[in-house]
Amino acid sequence: MKITIAIDGPAASGKSTTAAQVARALGYSHLNSGLLYRAITWAAVERDWPLDEEGFDRRLGNLDLSLEPAGFGFRVLVDGTDPGVSLVSPATSAMVSEISARPAVRERVLHLLEREGGRGGVVCDGRDIGTVVFPTAELKVFLVASPEERARRRLLEQGIDPTTEAVREEAARLSARDTFDSGRAVAPLRRAADAIELDTTEMGASEVVQRIVSLALARESRVS
Ligand code: CDP
C-alpha cells in the first residue's frame, strides 16, 4: 500500500531534490511545499501587496493559486501561469520566511497540501510536514547538514563558484532563515518526535535517496 512520506529540514538541506528522486523511485508524487510559500511571496513582492494584516489577507484571498500535475510532481500556478525561476530568485528568498510566518498564508498552503496529498502516495517536503501538515505520515525524515555544506550545495546549484568567502556569506543567509523559521509562532521548523534524522553532510545524494527508499519499502509492506 502507498504511504505518506514527510521530509523536513533547514534551508538547502537537500529536501526537494531528495523528495523528487524518492517520489520517482517509488512511483509517488512529489509535493514541494516551499514552492507554494515562494509563489505567494513572489506575488506579494511583484504586486507590491500591502503588509498590514487586513490588506495582505484580502489580496491573498483573491490570489488564484493552484497545483498542476507535472511528471512525478506538481507545478505551482499563479493566475494560471508558472512564475518559473522567479520563485527561487534572491529577492523571493529574502522575503519568503517573513511571508510564510503569516497565519493566513499557512492556512492557505495547508489546505492545498491536504487536498493534493491526503490520499497517500506522496513525498512532501518542507519545514512542518511531519509536525503539522501530515502528522500521521507513515515515514518522517528530518534532513540536516552543516551550514557550510548546505551553502556550498546551494551555490553550486546556482552555478556560483563556492569560494570560502561566498560560502561564508551564503551560510549566514541560510542560518538567518533557519533561525526565523525555527522561532516563529505558527508551525515552526522542528523535527517531529517520530522522525528519523539523517545528517547528509558526508553523504552523496544517491545514498540519501537509497536510504529513504528502503525505509519507505519496509513501511509500505508493514501497512499493506
Ligand atoms: O529550498 P530551501 O530549503 O531554501 O527553501 P524552501 O523549501 O523552498 O522554503 C522556502 C521558505 O518557505 C522557508 O525558508 C520557510 O520560511 C518557508 N516554508 C515553510 O515555512 N514551511 C514549509 N513547509 C516550507 C517552506
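A polar side-chain atom of Arg177 sits 2.8 Å from an oxygen atom of the ligand. Arg38 also places a polar side-chain atom 2.7 Å from a ligand oxygen atom. Arg127 uses its backbone: one of its polar backbone atoms is 3.1 Å from a nitrogen atom of the ligand. On its own, the ligand has 530 Å² of accessible area, and the protein covers 96% of that (Shrake-Rupley method, 1.4 Å probe).

This is a predicted model, in which local features need pLDDT of at least 70 and side-chain atom pairs count only at pLDDT 80 or more, while totals for chains, interfaces and linings use all residues. Residues are numbered from 1 along each chain as its sequence is written, and side-chain values use heavy atoms, without hydrogens and water.

## The shell around the ligand

The ligand is surrounded by 19 residues (a heavy atom within 4 Å). The closest are Arg38, Asp128, Arg177, Asp181 and Arg184. By type, the shell has 9 charged residues (Asp, Glu, Lys, Arg), 5 nonpolar (Ala, Val, Leu, Ile, Met, Phe, Trp, Tyr, Cys, Pro) and 5 polar (the others, Gly among them).

Helices H2 (33-46), H4 (90-100) and H8 (164-183) each supply at least two shell residues (helices are DSSP runs of H or I, at least four residues, numbered from the N terminus). H2 gives the most, with 4 residues.

## Val109 in helix H5

Val109 belongs to helix H5, residues 103-117. Val109 is buried, at 0% relative accessible area (buried means under 20%, with a 1.4 Å probe and protein chains only). Leaving out residues up to four places away in sequence, Val109 touches Leu36, Tyr37 and Ile40 (heavy atoms within 4.5 Å).

How values were computed. Buried < 20%, exposed > 50% of the residue type's maximum accessible area, 1.4 Å probe, protein only. Polar contact = N/O pair within 3.5 Å; in protein donor to acceptor, adjacent residues only side chain to side chain.
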